[in-house]
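These are my notebook entries on what I looked up in one structure, kept in the order in which I worked.

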Amino acid sequence: MCPTKFLLISLLAAATVVAQEKPADASHEMEHMQHGSGQGGFMQGGMHHAEAKGVTLQTKLDGATHTITLREGPISLPANTSHMKMPQPPDLYWTVPMNAWLLAYSPRLVNANGNEVPGRILHHTAFWNENRADFLCPNKEEHIFGAGGEMTNWIQVPGYGYRVQKGDKIRIETMVHNPTSTSYENVFLEVRIPYKEADAPGPPALKSYYPAWIDAKSCGDSSYDLKPGKNIKEGVVALKYSGVLLGVGGHMHDYAKCIVLEDVSRKETVAALDAKVDSQGQLLGMPTVTFFDKGGYKLVAGDVLKTSATYDNPTAKVLRDGAMGIVVGYFVPDDDMQIASLRRKTKPPSHQTAAIRHDR
Ligand SMILES: [Cu+2]
């Protein structure tokens, strides 16, 4: 269970964590996963992944139902293969074809016949908008969607959406593994995204929210090692904008216990989320907490937010890059222009430049 009476601890901890907070330096500006240049694999924690061959991205736009379906594959997953040993799909790019709001994300894994295969063979997928900077960690691209083996469904919030502009490049980063004793061939990751066009004249049809990834690793690389036994990881980030959180969920991996988001400045627990795991410690899901029915959870520029992730690793081994602890929410700023204007103007890192130039 997540601690709910933490006030004293957080008061004591606040002094230390705020003191430890320092500006992100280049060596820590590693994103969610480390990328090479798409030349036959990418690096993660110094390990080289072989690249899976023949994996492409297909997109289907259904104007009648206002749904985009992205389909990544085919991927072959031999039984009992860790993510370090498995050949991994390269980063793939979706160029957004219109001005719109993306409303929700429903991921699933299917085989060539369209039958569902177990979600737990997805290690994770992450969608990044390369044309925007993250409002909490501007050293990172805006991370617009993510899911792991628990296959989190990102639900629609009535009246809100994530605004994209025609031509935005969405980088799709997927990692697979197969902890099961069954091999799977020709697997496809499908993500269905309902949308609403934003080209109609007149006032905006929807309000914009921005994804908030509040990470136990602050603004660094999200992955970290799990030592045997109990692990608690804490990170802080200072909010630069006032606004409201519409709701939060969590992203963790196997052996997760719980994740807590606190507003350290106001000495409040925003949310405490208990991980749902099976008897083996495999992550089944993370709960979500919504605030939008009450007008949102108010946050103020300058507030320091702290994420504390707790794991209990029952194996006697160090699990390299085995953990992440991220509270994921939707943030609506009081002044939309402040965050809407966080377009990436600077030259992106070299591996991204290559990809963008190639498309021009
Ligand atoms: Cu993860």
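Entry 1: I began with an open sheet of four strands, whose order is β16-β24-β18-β19 and whose pairing is antiparallel; two strands pair if DSSP finds at least two bridges between them, and strands (E, at least two residues) are DSSP runs numbered from the N terminus. At the edges I find β16 (229-238) and β19 (268-274), each of which pairs on one side only. Neighbouring strands of this sheet are turned against each other by 15° on average, direction ignored, with axes taken as lines fitted to C-alpha atoms and angles running from 0 to 180 degrees between N-to-C directions. For the antiparallel pair of β16 and β24 (residues 304-313) I noted ten bridges, and the bridge partner of G229 in β24 is N313.

**Entry 2: conventions.** I am working on a predicted model, in which local features need pLDDT of at least 70 and side-chain atom pairs count only at pLDDT 80 or more, whereas totals for chains, interfaces and linings use all residues. Residues are numbered from 1 along each chain as its sequence is written, and side-chain values use heavy atoms, with hydrogens and water left out.

**Entry 3: a second open sheet.** Another open sheet of four strands, again with antiparallel pairing, has the order β5-β11-β8-β9. Its edges are β5 (92-95) and β9, each with a single partner strand, so one side of each is left without a neighbour in the sheet. From one strand to the next the twist averages 20°. Inside this sheet I looked up β8 and β11 (residues 169-176), which run antiparallel and are joined by seven bridges; L122 stands opposite V176 in β11.

**Entry 4: a hairpin.** β3 (residues 56-62) and β4 run antiparallel and are joined by seven bridges. They form a hairpin with four residues between them, and H66 in the turn has a positive phi of about 55°. I also noted that the bridge partner of L57 in β4 is E72.

**Entry 5: the copper site.** Which atoms coordinate the copper ion? I find H251 (NE2), H253 (NE2) and M324 (SD), at 2.1 to 2.5 Å; donors are N, O and S atoms within 2.8 Å of the metal (3.2 Å for Na, K and Ca), and water is not among the atoms, so sites may look incomplete. Along the chain these donors follow the spacing H-x1-H-x70-M. H251 lies in strand β17 (residues 243-251), while M324 sits in the loop between β25 (319-323) and β26 (326-333), so the pair ties together parts that are 73 residues apart in sequence. Both H251 and M324 are buried, where buried means under 20% relative accessible area, exposed over 50% and partly exposed in between (1.4 Å probe, protein chains only).

**Entry 6: the largest pocket.** About 820 Å³ of space lies in the largest pocket. On a 1 Å grid over the protein atoms alone, a pocket is an open set of points with protein on both sides within 12 Å along at least five of seven lines, a cavity is a set of points where a 1.4 Å probe fits but cannot get out, and lining residues have an atom within 4 Å of a point. Grid points are joined across faces, edges and corners, and a volume is the space filled by probe spheres set on the points. The pocket is lined by 32 residues, of which H83, H123, H177, D254 and Y255 lie nearest its centre. β8 (122-133), β21 (283-285) and β25 each give two or more residues to this lining, and β25 has the largest share, four residues.

**Entry 7: cavities.** How many cavities of 30 Å³ or more does a search of the whole structure find? I count two. The largest has a volume of about 90 Å³ and is lined by twelve residues, of which D134, K140, H143, W213 and D215 lie nearest its centre. The elements giving two or more residues to its lining are β9 (141-148) and β14 (210-215). The second largest cavity has a volume of about 30 Å³, and its lining consists of L57, L70, E72, F127, I172, L189 and V191.

**Entry 8: M286.** M286 lies in the loop between β21 and β22 (289-290), and at 15% relative accessibility this residue counts as buried. Although M286 and T152 are 134 residues apart in sequence, they are 8.1 Å apart in space, C-alpha to C-alpha.
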